[in-house]
Amino acid sequence: MNYHSTDIKEVFNYLKTNEQGLTNEEAKQRLQKYGKNVLIEEHKIQPLKIFLLQFQNSIVWILIAAMIISGIAKEWTDFWVIGAIVILNSIMGFIQEYKAERAIEALKKTLSPKAKIIRNGTEMQINAEELVPGDILVLETGDKITADARIIQIRNLETQEASLTGESSPIIKENKILNEETPIADRKNMVFAGTIVTKGHANAIITATGMKTEIGKIAGMIRETKSPLTPLQIKLKHLSRFLAIAVVIIALVVFGYGVLIANNPFLEMLIAAIALAVAAIPEGLPAVVTIALAIGVQRMAKKHALIRKLPSAETLGACTVICSDKTGTLTHNEMTVTNIYANREIINITGSGYDPEGKFSKDPKNFEMLLTIGSLNNDAKLVFENEKWSEIGDPTEAALLISARKAGIDYEQLQQAYPRIEEIEFTSERKRMTTIHDTKTGKMAMTKGAIDIILPLCNRILINGKVEMLTRQEKQKILEVNQAMTTRALRVLGFAYKELKGVDAKGDIEKNLIFVGLQGMIDPPREEVKEAITKCKEAGIKTIMITGDHIGTATAIAQQLGITGKAITGQELDRIHNLEHHAEEIGIYARVNPAHKVKIIDAFKAKGHIVAMTGDGVNDAPALKKADIGIAMGITGTEVAKEASAMVLADDNFATIVNAIEEGRRIFDNIKKFVEYLLSSNMGEVLTVFVGIMLKLPLPITALQILWINLITDGAPALALSVEPAEPGLMQKKPRKVEEKIVNRYRGLMILLIGLVMMTGTLLLFDLHLTKGVAYAQTLAFSTLMMFQMFNVLNQRSEDQSVFRIGFFKNKWLLLAVISSIALQFAVVYLPFLQNMFGTVALNAFDWVKVVAVSASVLIFVEIIKIFKKKKIN
């Protein structure tokens, strides 16, 4: 049943209840039928299952196979070292992925534990989880609503629904039948679970509990929405699959050639195949990627961007579209008076939100009466907690207190000096509120409300402290100013007063008032957002506004921020069947619900975009989870939004996203650098072993020596590449394409060429020194390969720029890593217990001169290629 479009008598009949409420027995039966008023939590993945999932990786399978073969061959050192690598990588993966999905639990927290209801004709308080459809809910100011309900009795009820619908202003509720097509945000005869009563009282009949409520539907959407793999995860998955296939083919070819053609001993070729497999696999890659992302996350945290899911740090760099919620994200979610009309002129006010810092374009003493009425005819309060101002009560009234405070008017002192003795309260029918105060000169009535209601009640106007007659022309001018303000999406209130002489009848108090002026307010855009959106445009990123607010308000804010494109409502969106064909033309979506947000994200994804979604409300949660990267506000954001997100903005600053995107781009650039470094180094190892076997040479380097290079001496330099500073012009480039590979054709060719240079130099030294013994030649080959990789890491600092132009000292961590790796290599060559383990012998000084001279060739080779590449571009 559509309760909002149904007569209340029919609602009572349908739910088989009345204004006296259910009996205890009826409530008990319905609790069994409908279940508790709670949100069902999805099944959590067990930690053991997450750990076992780490082994579903083709590289890990090959390492396990190499470990088993090492055991069969009784190469126990290799067996235990490879096993340790497998376990270590799995533990790191487990730590990265073990993040409990607490979005539903956070939604549970939005429901108040207690509720006031009428049962058996008696008002009582019960646990909110015991509520059932048909119960009569009793609501008053400050209550958190615990179920969806249809209003049956009402007195000046207003609710704050921003977290559910995106509507920034409190909703004035009404008890009347609405059209069936009325969207949730406009269902003024309904109240919804998880929202708050900011004003008034009401009784309402509960129509839905638990997962059937609007907040429950959002919980269901979160459960059904799967977080997509990030672009980096997809690329690394494809890369590891490719490497696994290549490793198996190479190992089988070498083993088959050695046993079947060259007639080498079976066990010898088995060990050689293991060495090749170990050489081909970049064992340190998973660990380096994880640590690199973690370092990026720490850097982002210093810039107020808190990453909850590691791979998302890189995803930001590929972002092409930011779908941003308006309320609380692009704006403050704090109503602010920005314009005043008094003394026949418009006054501008600076500042935003509930911060009382701001200035007037004219001296506020000239319109002090207007600000005084705004402070006295007011039920809101301001609270300063945790270095921040917040409101208690109606945000519109809080905005009036702030505008007065900017002029140095303290509403608390004012209310003590002019105490309220009576009031005629605001109703949705009257659209005005009048308070009566004791003043030094007698009683005074102060009135505020909609201008079309206030103006007809006035016959005079206050101009610069003097009362004049209010002419028809003057009224017309005021209405024109009001229209101009509303066109800019300002919410406008009119203010008037009257000194009460003698005994006025209550009906005469609001007649023949003195008009004072207008105050126009809006939930203003954040000052830093406009610049951030401009930076996004320069970086090739489109910003989209998605809001539950009215289209006029959304369009006005979008124009101020520089968000371009067509503006449509949620109802218009429902009529578009192939949204992906139109999504790029639309810049503003207004009056949307949670399902619409997911639909918009799906449309952009269908066009190949990487989508970031920002938001702070419960209504944003499904879209935050669906997006490639969900971004929640840390200060104003609900727990639901934070738990569904991949990133939280600690300062609620949209501009922080731009800094995070730059960091994300730097992370991906550096991932490409250390992947090319590790793979080109591995290519040198593979070719050295492969070609050495083909040339019927003894094994140039053992499996354990390769593991040492891959994990110990390569690991630190690869990690140091992850903190390489960003290259110039990073944010002037267009976002990288989704299909861009970590290893493209050019990088693939460079990996092969670098590998060939390493192989040639290593085998040359190995072959020339075989006459002095295999152990001596292997030690030379082992040290040469390692030093090749120290020079190679310098190559990888930039794909285009010469290392001599970049400078050797800009990345001090890299310098430290290279020195440390060389020191560790010296330890393996000279310390007796390591010599026994790795099969090395001591080298003399001249040996090291040969090693350095040969291995430096890879730096010279790549520098020459960079010169030719630069000439070709120019």
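Biologist: Which strands does helix α20 lie across, and at about what angle does it run to β23?

Modeller: First, the ground rules. This is a predicted model, where local features need pLDDT of at least 70, side-chain atom pairs count only at pLDDT 80 or more, and totals for chains, interfaces and linings use all residues. Residues are numbered from 1 along each chain as its sequence is written, and side-chain values use heavy atoms, with hydrogens and water left out.

Now your helix. Helix α20 (residues 551–561) lies across β21 (542–546), β22 and β23 (586–590). It runs at about 140° to β23. Helices (H or I, at least four residues) and strands (E, at least two) are DSSP runs, numbered from the N terminus. Contact means heavy atoms within 4.5 Å. Axes are lines fitted to C-alpha atoms, for helices over the stretch in contact, and angles run from 0 to 180 degrees between N-to-C directions.

Next, the sheet. It is open and has 8 strands, in the order β8-β26-β25-β24-β9-β21-β23-β22. The pairing is mixed; two strands pair if DSSP finds at least two bridges between them. At the edges sit β8 (305–307) and β22 (566–569), each pairing on one side only. From one strand to the next, the twist averages 20°.

Look at β9 (residues 321–325) and β24 (residues 611–615). These strands run parallel, joined by 4 bridges. Val321 stands opposite Val611 in β24.
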